[in-house]
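Visitor: Before we look, I would like each label you use to be set against its definition. Please take me through it that way.

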Amino acid sequence: MNDGVRLRKTLEGVPAYKPGKPAAPVEGLTAYKISSNENPYPPLPSVVEVVAEAATNMNRYPDMAVTRLTEALAERWDVPKTHIATGTGSVGVLASLINITCEPGDEVIYAWRSFEAYPIVVALAGAASVQVPVTDTAEHDLSAMAAAVTDQTRLVLVCTPNNPTGPHVTDATLREFLGQVPSDVLVVIDEAYLEFNTAQDAPDSLALYREFPNVAVLRTFSKAYGLAGLRVGYCIAQEDVATALRKAATPFGVSDLAERAAVASLAAYDELDVRVQALVLERQRVLAALREQGWPVPDTEANFVWMPLGEDSAAFAAACQEHGLTVRPFPGDGVRCSIGESEANERLLEVAQAFRNR
């Protein structure tokens, strides 16, 4: 007698992705969600207009080649169209990157704590995660990551700025690291928060991709461009990698709405950048205020701050929730707080001060 469908044993070791919770209503307060690193600004009217027009054709399949967006990205970044692959958000492209490089049992190296999806997509591919602890200042330890490379290593992930801790990897340290990694190991520079990075020593990832054939650059329209709900990301890599990515992608994964919105957003980036710079200023204000309160908050070049609360993480998240503020706790490690509306940021500072004085 069959007791149930036989599923892959791999699933037993796959952690579930925990999305940021929606804002929970609190009587007498405006509730704010700062748990998912979303752009708090609404879409640009010009982008909404394009999406509304595209919605009238949703009975048709999208362009599987994502031609218009590919051409726009190639022009924007001065790369060949054949070096671009798109997908359902950067995490969708990441899953394909692992699928095209890893056989079961192969190793993927990344810092930890870093993006929560990393161990999930690695495990689903049957590969093994090699997690290298971040430093005391919440930064990538690239020397330790280089030392962790073995004959089984197929891919290395470098998240800069790092989610959820915030610090970036410098161009010099990343260049030194790439010089230590074997040329047959793919190094993926995950730049989901690229546009918020104002550091003078930030890596020039496209220069690195041109210099090191084993570098792939991963980006998204979810954060700075404010298209999180449409799911579109892309990778820039050498032609053999990009071709394999397109082969492994979910057919018709990027919707017509998403493609048109991304193209329109690229065209309107000067307008979007005003919002990005406003968020950067708010980030700097919140970071300085938290440090003035006495919190050991690490540097951040993303659109969030990291509070290394350790065992107090869940309690702090609960305190925020009581005041209509939803943050993202990582129990035992810390709490990530997105930079949101100025009112939300101010409330975060008020809750943080009260929590510290309790």
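Guide: Two strands count as paired if DSSP finds at least two bridges between them. The model shown is predicted.

Visitor: What makes S9 and S12 a pair, and in which sense do they run?

Guide: S9 and strand S12 (residues 334-338) share four bridges, and the rule asks for at least two, so the two strands pair. Their sense is antiparallel.

Visitor: Which strands form the sheet around them, and in what order?

Guide: The order is S9-S12-S11, three strands in an open sheet with antiparallel pairing. Strand S9 (304-307) and strand S11 (328-330) are the edge strands, each pairing on one side only. Neighbouring strands are turned by 20 degrees against each other on average, direction ignored. Helix H11 (residues 313-322) lies across S9, S11 and S12 and runs at about 35 degrees to S12.

Visitor: What is the strand order of the seven-strand sheet, and what is its pairing called?

Guide: This open sheet has the order S2-S8-S7-S6-S5-S3-S4, and its pairing is mixed. Its twist averages 25 degrees from one strand to the next.

Visitor: Why are S2 and S4 said to stand at the edges?

Guide: Strand S2 (84-87) and strand S4 (128-133) each have a single partner strand, so one side of each is left without a neighbour in the sheet.

Visitor: How do you know that S5 and S6 pair, and in which sense?

Guide: Strand S5 (residues 153-159) and strand S6 (residues 186-190) are joined by five bridges in the parallel sense; the rule needs at least two. Valine 156 has valine 187 in S6 as its bridge partner. Helix H4 (residues 117-124) packs on this sheet, touching strand S3 (107-112), S4, S5 and S6, and its direction makes about 170 degrees with that of S3. Helix H8 (residues 239-248) lies across S2, S6 and strand S8 (233-236), at about 25 degrees to S2.

Visitor: Why are H3 and H4 called oblique?

Guide: Helix H3 (residues 89-101) and H4 pack at an angle of about 40 degrees, with their axes 9 Å apart. Roughly parallel applies under 35 degrees and roughly perpendicular from 65 to 115, so H3 and H4 are oblique to each other. H3 passes H4 in a right-handed crossing.

Visitor: What makes H1 and H9 roughly antiparallel?

Guide: The axes of helix H1 (residues 45-54) and helix H9 (residues 256-267) cross at roughly 155 degrees and come within 9 Å. Angles over 145 count as roughly antiparallel, and H1 and H9 are therefore given that label. H1 passes H9 in a right-handed crossing. Val47, Val50, Val51 and Ala54 of H1 make the contact with Asp256, Leu257, Arg260, Ala261, Ala264 and Ser265 of H9. The residues of this contact divide into seven nonpolar, one polar and two charged.

Visitor: How does the radius of gyration of the chain stand against that of a compact globule?

Guide: With 358 residues, a compact globule would have a radius of gyration near 21 Å; the chain has 21 Å, so the two agree. The C-alpha trace spans about 60 × 55 × 50 Å along its principal axes, and the chain has twelve helices and twelve strands.

Conventions
Residues numbered from 1 in each chain as written. Predicted model: local features only at pLDDT ≥ 70, side-chain atom pairs only at ≥ 80, totals over all residues. Heavy atoms only, no water. Axes fitted to C-alpha atoms, helices over the stretch in contact; angles between N-to-C directions. Contact = heavy atoms within 4.5 Å. Left-handed = near helix turned anticlockwise from the far one by under 90°. Rg over C-alpha atoms; globule rule 2.2 N^0.38 Å. Nonpolar A, V, L, I, M, F, W, Y, C, P; charged D, E, K, R; others polar.
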